[in-house]
Amino acid sequence: MRIIEDFPRPVRVIENVWIPMSDGVRLAARVWLPDDAEDDPVPALLECMPYRKRDFTRLRDEPLHTYLAGHGYASVRLDLRGSGDSEGLMADEYAEQEHDDIIEVLTWLEAQPWCSGGVGMFGISWGGFNSLQVAARRPPQLKAIVTMCSTDDRYADDVHYKGGCLLTENLNWGSVFLISANAPPDPELIGPDWRERWRYRLENAALYPSIWMRHALRDDYWRFGSVCEDFAAIECPVYAVGGWADGYSNAIPRMMAGLSAPSKALIGPWSHAFPHVGAPGPSIGFFQEMLRWWDYWLKGQDTGIMDEPAMRVWMQESVRPAPVYEERPGRWVAEARWPSPRIQSRQWYLNVLSLGDSPATEDRLHVRSPETAGLAAGDWYGFGGEGESPVDQREDDGKSMVFDSDPLTERLEILGAPVATLELSVDQPVAQVTVRLNDVDSDGASTRVSYGVLNLTQRNGPDRYEELVPGTRYRVRIQLNDIAHAFPPGHTVRVAVSTAYWPVLWPAPRPVKLTVYTGASRFELPERPPNPEDDQLEPFEAPERGPRPVATTLQTAPLRRTVERDLTTGDSVYRVYADSGEFDGASLARIEDIDLTVGYTIRRTYRIGEYDPTTAEVRIEQETEHRRDDWSARLYCVTRLTADVDHFYLEATLTAYEGEEVLVNREWNERIPRRIPPSSASG
């Protein structure tokens with residue numbers, strides 16, 4: 001990666017700026033400016049997140065915003081209300097108050113003497129979400145956005161639910177959000193009032209996972225902030241970016257199909273990370289790509305970016321299963337528009353233990369998966385770390401109903417969303433089904449290509465809850481994640497169907513026996529024929545970035561993942577521990593330019609019995625630390641989720657320490673019904 005020290009315009013950094021809101025609350029922002037911007041005003045770029053501009057994202061922010069400012073933009077990083085150094089409270093994610101605040105910030109930016117008037121928004125994850133959501137409000141100052149690793153549908157494709165099934169990531173992310181949102185403001189910026197502001201924040205802390213678990217259907221809560229409800233509301237240009245190893249890639253094809261505003265899409269092999277540092281690689285010069293976008297829409301320069309194909313993706317070659325990939329072999333391909341008329345559906349039939357081009361005589365196959373089916377799944381989304389990728393699927397395949405094609409005689413490339421249409425019945429009123437698409441090598445190694453899940457009580461829509469009648473035959477449609485993948489000759493296409501997917505999904509209340517009617521069930525692959533124009537695509541530049549602050553490692557805690565099985569009890573325990581946060585692999589580091597020592601660790605434990613879903617348990621333990629000289633503030637947080645047939649049980653403890661003294665201790669014990677009341681079943 002090329003580090004740029006000298007920019008076309010020298011950069012000045014304003015460590016903290018207070019932006020007043022109409023209700024009297026002040027929001028904290030960090031600003032990077034061309035040094036002469038007051039004499040030669042520039043467009044502004046805004047990134048809004050709750051992840052602590054002062055410390056937690058500092059090492060990431062500095063090279064990014066310095067680079068943008070050095071190329072002629074006022075680049076602004078905002079702490080959202082109630083987070084970091086900003087005043088107020090954060091009641092929930094993506095609330096209307098958040099959007100109102102951002103629109104006020106856009107107005108403030110436009111009025112600054114260093115701003116030429118046009119403003120763009122960008123961000124990854126949370127910042128990508130609110131870029132879309134604010135764009136749908138059509139503030140006149142907002143001229144274009146770049147949204148990365150985000151979603152257009154908060155219910156269908158976020159960390160809470162997938163196919164109507166509760167993701168364990170709901171607790172994991174909600175726990176991370178709980179501790180990060182309640183970390184202290186920095187006394188160096190706030191002054192002597194920091195303690196009371198921290199106490200106020202802690203005493204009003206919300207248990208976020210509980211909020212989300214009480215909305216088990218796609219109701220008005222989830223519709224708010226889901227821009228897919230009205231794509232036409234977004235009129236400014238949109239550049240949507242993501243990666244196949246991320247959990248948010250499905251939103252990009254949907255947005256490309258639904259948006260009427262000028263739009264572009266880029267999907268690489270990456271996880272939940274910026275493409276210039278994305279893993280798996282190859283990484284690209286994404287800062288340069290953003291400049292081409294901003295220069296076109298905010299400065300009126302013809303950079304050629306809108307003359308290129310609308311959708312560009314990384315066509316992944318087949319690889320052997322591994323817990324981490326430094327790079328995914330493949331090549332860039334492009335489609336002029338999406339949906340692409342070039343891509344055709346190739347239909348397969350689920351016959352008895354085989355995947356065929358034509359249906360065989362109808363028959364029945366049965367499976368009751370062990371609750372441990374899914375231990376080879378990896379994380380719902382990852383950041384490129386070790387152990388995040390799905391490993392060899394043979395163990396999960398053995399706990400599933402499997403359908404294999406004959407070995408392929410020629411290369412098969414797919415781009416889009418595979419779809420399973422299953423004729424099925426179950427023996428329980430509440431059940432879920434997981435469908436995986438695997439690429440099987442000639443020696444039997446099985447690599448997961450894509451997967452999809454469905455809560456069968458939502459078979460007629462995510463806003464409807466309808467229990468099943470045991471033994472009744474149903475036809476259901478299960479859409480798998482969008483993907484670009486090339487199956488080579490000699491490999492086998494495998495479809496695997498299971499009734500559990502732990503620890504990605506919380507299990508159904510009781511073990512489920514699933515019957516699939518073969519010959520009548522089918523599977524569709526989006527086949528993409530070769531396109532000679534792919535070879536003419538202009539290559540991306542090598543990554544560049546600006547300089548970043550020095551962080552001294554004080555303590556390391558390497559990431560580890562283990563699975564323990566007790567063969568006497570049938571229990572399995574999956575552990576992910578000593579995760580080290582954002583500081584170059586350090587669990588404790590000192591950020592030298594602000595003389596601040598920061599630390600973060602997280603330990604996740606997933607426990608379940610082989611045949612009893614009510615033994616499922618997730619426990620998240622976290623610690624954060626902030627200290628400077630004689631100031632020290634620490635948070636310790638434990639969350640735990642269990643369930644029986646009728647209820648979830650959510651427990652949490654959040655303890656704040658100033659030095660060695662407890663400042664605030666919060667505890668929650670909540671019981672949440674699993675079944676949807678009939679009056680709520682219509683959403």
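Trainee: How far is the sulfur of cysteine 228 from the closest cysteine sulfur?

Mentor: Good place to start, and keep in mind that this is a predicted model. A disulfide is a covalent bond between the sulfur atoms of two cysteines. Here the closest cysteine sulfur to that of cysteine 228 belongs to cysteine 236, and at 17 Å it is too far for a bond. Searching the whole structure gives 0 disulfides.

Trainee: Is cysteine 637 buried or exposed?

Mentor: Cysteine 637 is buried, because its relative accessible area is 0%. Cysteine 228, with 23%, is partly exposed.

Trainee: Now the strands. Which way do the residues of E20 point?

Mentor: In a regular strand the side chains alternate between the two faces of the sheet. In E20, Gln432, Thr434, Arg436, Asn438 and Val440 point one way, while Val433, Val435, Leu437 and Asp439 point the other way. With 9 of its 9 residues buried, strand E20 is largely enclosed by the rest of the structure.

Trainee: Which strands are joined to E20 by bridges?

Mentor: E21 is joined to E20 by 9 bridges, running antiparallel, and threonine 434 sits opposite valine 453 there. The two strands make a hairpin with 5 residues between them, and glycine 444 in the turn has a positive phi of about 100°. E24 is also antiparallel to E20, with 7 bridges; valine 435 has valine 497 as its bridge partner in E24.

Trainee: And where is glutamate 326?

Mentor: Look in the loop between strands E12 and E13. Glutamate 326 counts as exposed because its relative accessibility is 73%. Beyond its sequence neighbours within four places, glutamate 326 is in contact with Pro280 and Gly281.

How values were computed. Residues numbered from 1 in each chain as written. Predicted model: local features only at pLDDT ≥ 70, side-chain atom pairs only at ≥ 80, totals over all residues. Heavy atoms only, no water. Helix = DSSP H or I, 4+ residues; strand = E, 2+ residues; numbered from the N terminus. Buried < 20%, exposed > 50% of the residue type's maximum accessible area, 1.4 Å probe, protein only. Contact = heavy atoms within 4.5 Å. Disulfide = S-S within 2.5 Å. Pairing = 2+ DSSP bridges.
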